[in-house]
Amino acid sequence: MSVKVSMNVNGKAVSAEVPERTLLVSFLRETLNMTGTHVGCDTAQCGACTIHLNGRAIKSCNILAMQAEGGNVTTIEGLANADGTLHPMQEAFRQNHGLQCGFCTPGMVMSAVDLVKNTPKPTEEQIRELMDGNICRCTGYHNIVKAIAAGATSMAANP
Amino acid sequence: MTKFAIGQTVHRLEDPTLLQGKGCYTDDLRPQGAAHAFVLRSPHAHALIRGIDTTAARQAPGVIAVLTGQDVKADDLGTMPCIVPVKNHDGTPRGETPRPVLALDRARHVGDPVALVVAETYHAARDAAELIEVDYEPLPAVADVYGAAQPGAPLVWPEIKQNIVADLHLGSKEAADAAFARAAHISKIELVQNRLVANPMEPRAAFAEYDPATDRSTLHTSSQSVALLRAHIGDIVLKIGDKLRVRSGNVGGAFGMKAMMHPEQPMIVWASRRLKRAVRWTGDRSEGFLTDVQGRDHKVFAELALDKDGKFLAVRATVYAGMGAYLSQFAPMIPQSVHSMMPSVYAFEAAHLHLIETVTNTVPVDAYRGAGRPEGIYVTERLIDIAARELKIAPDELRRRNFIKPSQFPYTTAAGLVYDSGDFEGLQAKALKEADWAGFPARKAASEARGKLRGIGLTMYVERCGGAAPPDSVALKVNKDRVLVLPGTVDNGQGHMTVLKQLVSEYLGIDMEKIDVSQGDSDANPFGLTGGSRFAVVTGTAAGIAAKEVVDKGMEQAAKMLEAAAADIEYGDGDYKVKGTDRKATLFDVAGAAGGIEALHIKNTGALTFPNGCHIVEVEIDPQTGVTRLERYTIVDDFGRALNPMLLLGQVHGGTVQGIGQALLEHAVYDNESAQLLTGSFMDYAMPRADDVPSFNTTFHHTPCTTNPLGVKGAGEAGSVGAPPAIINAIVDVLHAKKGIKHIDMPATREKVWRALNG
């Protein structure tokens with residue numbers, strides 16, 4: 001059975017007819033061709049598919065597209081400024097070598113932005129604890145943790 | 001002029017793309033009209049396949065084709081090759097485990113591919129796969145690497161006696177036995193090298209296009225070598241030669257696993273050629289657990305012989321190494337490195353390994369980050385700690401007494417490797433200082449005051465990188481305004497593009513902005529492999545030689561343009577200059593006038609490098625829960641020279657956390673009776689997460705490598721070698737003090753640690 005799904009993605013109204021079982025992440029990747037959001041597992045553990053729905057970080061593999069009906073979605077493609085400059089968190093990841101293969105990175109960055117929104121001055125311990133829903137196999141987290149601390153400072157300076 | 005000389009931290013040029021979700025991994029390719037594939041897999045670890053009824057599946061909505069082993073047979077496809085010959089100690093060749101792309105009459109592990117469904121959508125393919133009726137006759141299965149070699153174990157291959165596919169001796173048994181015979185002390189250990197799953201965050205994927213005009217196929221796939229895949233799939237399995245082109249875009253991590261051909265790659269090309277249509281397949285994580293080649297899986301019995309002064313005489317081991325159900329590409333070679341690494345950084349008289357490679361009803365095993373070197377170093381460094389405790393010699397002191405000394409280089413080890421450089425004693429001293437080894441008792445007392453137990457562990461490591469096979473190529477193409485670099489390697493996240501631009505910028509004296517790098521196309525990058533920490537050593541050197549060839553090739557044209565003899569022209573800073581004058585022409589002017597300059601260098605010298613270092617770990621254990629925290633982690637490495645320190649340390653951090661995963665968390669566990677994988681998802685298989693690991697104190701203690709012009713040593717796997725012994729040594733420091741326990745096997749999970757302390 002198909003169902004019509006409408007939502008706002010990165011500031012643009014989108015609408016499509018999709019099978020009911022379509023996950024939000026599949027709606028983004030397959031239907032909208034927005035491939036910045038990644039799929040790294042099938043048990044909602046890795047966090048590569050993290051996006052913001054109505055201002056909250058969620059794993060987009062863990063809800064159906066139709067559950068996001070009428071919602072406001074921000075993906076990694078919608079994070080940089082309109083003029084192309086990177087979001088402070090993206091820039092912090094770049095400066096601190098917080099990514100290697102880049103596959104977990106969109107989810108990491110989306111989670112990190114949400115983390116700082118809720119915990120504006122996170123300690124290293126808080127960052128490590130709050131990021132435990134995002135798995136990275138390349139960096140050993142050392143530089144991701146540094147990047148998020150730097151990103152938090154930079155986000156506070158550029159609200 | 002912006003020049004980025006070798007040795008500076010240059011922020012990665014790859015990052016702005018990846019940070020905005022604009023990377024292009026295999027599953028991001030959105031081919032119009034491509035069909036979707038789903039692979040039906042055996043639910044049994046071992047079963048005869050009596051028949052497969054695909055009638056209902058073929059008639060399901062949207063289904064285009066259903067293929068089985070019978071189609072593989074009818075099309076006369078080749079089997080998946082293991083390219084490593086092994087001679088057993090009795091002179092016979094190793095066993096053969098011919099692996100078809102789809103199982104013919106027998107499934108040998110859970111996840112063995114049995115049928116391929118191609119349909120208009122992914123869901124149609126997956127739904128149809130459920131309609132396939134496979135008539136299985138389950139057979140007894142075996143999963144344990146050691147148990148498989150015992151009499152009466154179920155046979156994975158009726159042709160392979162006792163499941164022993166290879167049985168060989170490495171090093172001189174006589175020399176080792178003689179050293180043991182006169183030893184004043186012998187320390188022993190029995191240990192497990194826990195089986196691991198590589199788990200790069202990007203699952204494996206393959207997408208094949210077919211061009212009827214040329215009868216050529218292009219396979220897009222996440223890999224470490226388009227060259228090897230092209231050869232193995234094109235020449236051996238599908239027998240279509242260079243009618244196959246293999247391409248890799250962004251690769252979301254690989255760690256050895258993606259160097260190997262997996263059945264889905266030839267399968268998807270084959271289906272695409274049969275259907276004359278593009279076909280895509282992307283594995284999910286569950287399939288990855290059931291089919292990606294895994295790592296380690298050894299059962300080890302080892303001994304260390306010392307004289308009365310604590311001088312090492314010999315090390316010897318019997319290792320049962322699991323190969324899984326089929327011999328993968330490099331599989332039988334990997335555990336052989338246990339022998340070459342067992343002497344580590346010490347002056348031994350002899351090292352002997354009896355290696356017994358067994359097949360089991362499990363996923364094939366092959367190279368995973370470290371690939372034999374962590375296994376070898378772990379054996380020796382655990383033995384040294386045991387010996388130190390038995391002889392009441394401090395672990396750092398026992399190591400110090402036995403280091404190979406700088407004056408001894410080049411030094412031929414007891415395993416026959418020739419180390420070129422290193423300063424092991426100086427490096428250890430630096431690490432002890434960095435870790436504040438002397439301050440440990442005070443920190444231990446502070447932990448105890450809080451009801452916690454604190455232990456410290458030290459390890460040295462060395463590993464072997466570079467080497468001959470396969471060759472790596474670098475091509476350089478210069479035109480009137482750009483330089484194009486074509487390496488044979490495939491970046492998997494290391495930052496090859498940035499480092500290659502740094503190198504070529506320095507080699508040719510031109511701006512990095514004028515350099516392009518193009519990789520991952522078997523038509524354009526015909527030789528090469530990312531793996532074995534080879535990139536800097538092999539590709540970096542090859543790029544230097546190609547750059548020199550470019551300069552030399554342009555000399556004649558430069559002489560013409562500058563109206564001077566070639567002998568009077570020198571090259572520097574991107575210019576050909578007439579010596580002693582201000583007359584010059586740029587490389588780009590010369591290349592433009594010459595109609596382009598090209599050079600291809602294929603590097604295959606076999607020169608090895610020996611990165612080495614020291615890890616010192618302090619653990620704090622909560623005796624009530626077994627929770628083990630890594631409180632302080634110090635790493636000192638000798639990589640010869642840093643090309644880009646920031647990227648280099650990124651490799652150290654990542655490798656170390658994979659080693660921490662092996663030591664504390666990760667284990668591919670199979671049920672002994674059914675050979676079902678019990679840890680088949682991220683819910684059951686514990687990947688290291690941010691709150692499982694510490695930040696690292698890292699320092700270098702470089703001694704230049706003498707076997708390559710850059711002076712570099714491979715760095716990609718170092719961390720994964722150092723971490724396991726350092727961590728287990730630290731945990732045993734606690735367990736021995738409290739309970740007299742000599743060893744705990746990896747992964748030292750909190751449950752295992754709690755049981756050890758409270759048992």
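1. Start with helix 1 of chain A. Its buried residues are A:L24, A:V25, A:S26, A:F27, A:L28 and A:R29. The helix covers residues 24–31 and is mostly covered, with six of its eight residues buried. The cover over these buried residues includes strand 1 (2–9) and strand 2 (12–19) of chain A. Just after the helix comes A:N33, with a positive phi of about 60°. Bear in mind throughout that this is a predicted model.

2. Confidence comes next. The model scores ipTM 0.98 and pTM 0.97. Chain B has a mean pLDDT of 96. In that chain, 99% of the residues reach 70 or more.

3. How is chain A built? Its secondary structure comes to five helices and five strands. From the N terminus, the order is β-β-α-β-β-β-α-α-α-α. Helix 1, described above, spans residues 24–31.

4. Overall dimensions of chain A. The C-alpha trace spans about 45 × 35 × 25 Å along its principal axes. The radius of gyration is 15 Å, which agrees with the value near 15 Å for a compact globule of 159 residues. Of those 159 residues, 55% count as buried. Take the contacts in chain A with a separation of 6 or more: residues 24 or more positions apart account for 59% of them.

5. Now chain B. Its secondary structure comes to 19 helices and 32 strands. The C-alpha atoms fill a box of roughly 80 × 75 × 55 Å, taken along the principal axes. A compact globule of 759 residues would have a radius of gyration near 27 Å, and chain B agrees at 27 Å. Buried residues make up 60% of the 759. Among contacts in chain B between residues at least 6 apart in sequence, 81% join residues at least 24 apart.

6. Two helix pairs in chain B deserve a look. Take helix 6 (residues 226–237) and helix 7 (residues 264–275) of chain B. They pack at an angle of about 60°, with their axes 10 Å apart. Helix 6 of chain B contributes B:L229, B:I233 and B:V237 to the contact. From helix 7 of chain B come B:Q265, B:P266 and B:V269. The crossing of these two helices is right-handed. In general, an α-helix has 3.6 residues a turn, so residues three or four places apart point the same way.

7. The second pair is helix 10 (residues 373–391) and helix 18 (residues 718–739) of chain B. At what angle do the axes of helix 10 and helix 18 of chain B cross? They cross at roughly 30° and come within 9 Å. The two helices are therefore roughly parallel to each other. Here, too, helix 10 of chain B passes helix 18 of chain B in a right-handed crossing. On the helix 10 side, the contact is made by B:R373, B:P374, B:I377, B:Y378, B:E381, B:R382, B:D385 and B:R389. On the helix 18 side, the residues are B:S720, B:V721, B:P724, B:P725, B:I728, B:N729, B:V732 and B:H736.

Methods:
Residues numbered from 1 in each chain as written. Chains lettered and ligands numbered in written order. Predicted model: local features only at pLDDT ≥ 70, side-chain atom pairs only at ≥ 80, totals over all residues. Helix = DSSP H or I, 4+ residues; strand = E, 2+ residues; numbered from the N terminus. Rg over C-alpha atoms; globule rule 2.2 N^0.38 Å. Buried ≥ 20, exposed ≤ 12 C-beta atoms within 10 Å, placed from the backbone. Contact = placed C-beta atoms within 7 Å. pLDDT = per-residue confidence, 0-100. Axes fitted to C-alpha atoms, helices over the stretch in contact; angles between N-to-C directions. Left-handed = near helix turned anticlockwise from the far one by under 90°. Parallel < 35°, antiparallel > 145°, perpendicular 65-115°, else oblique.
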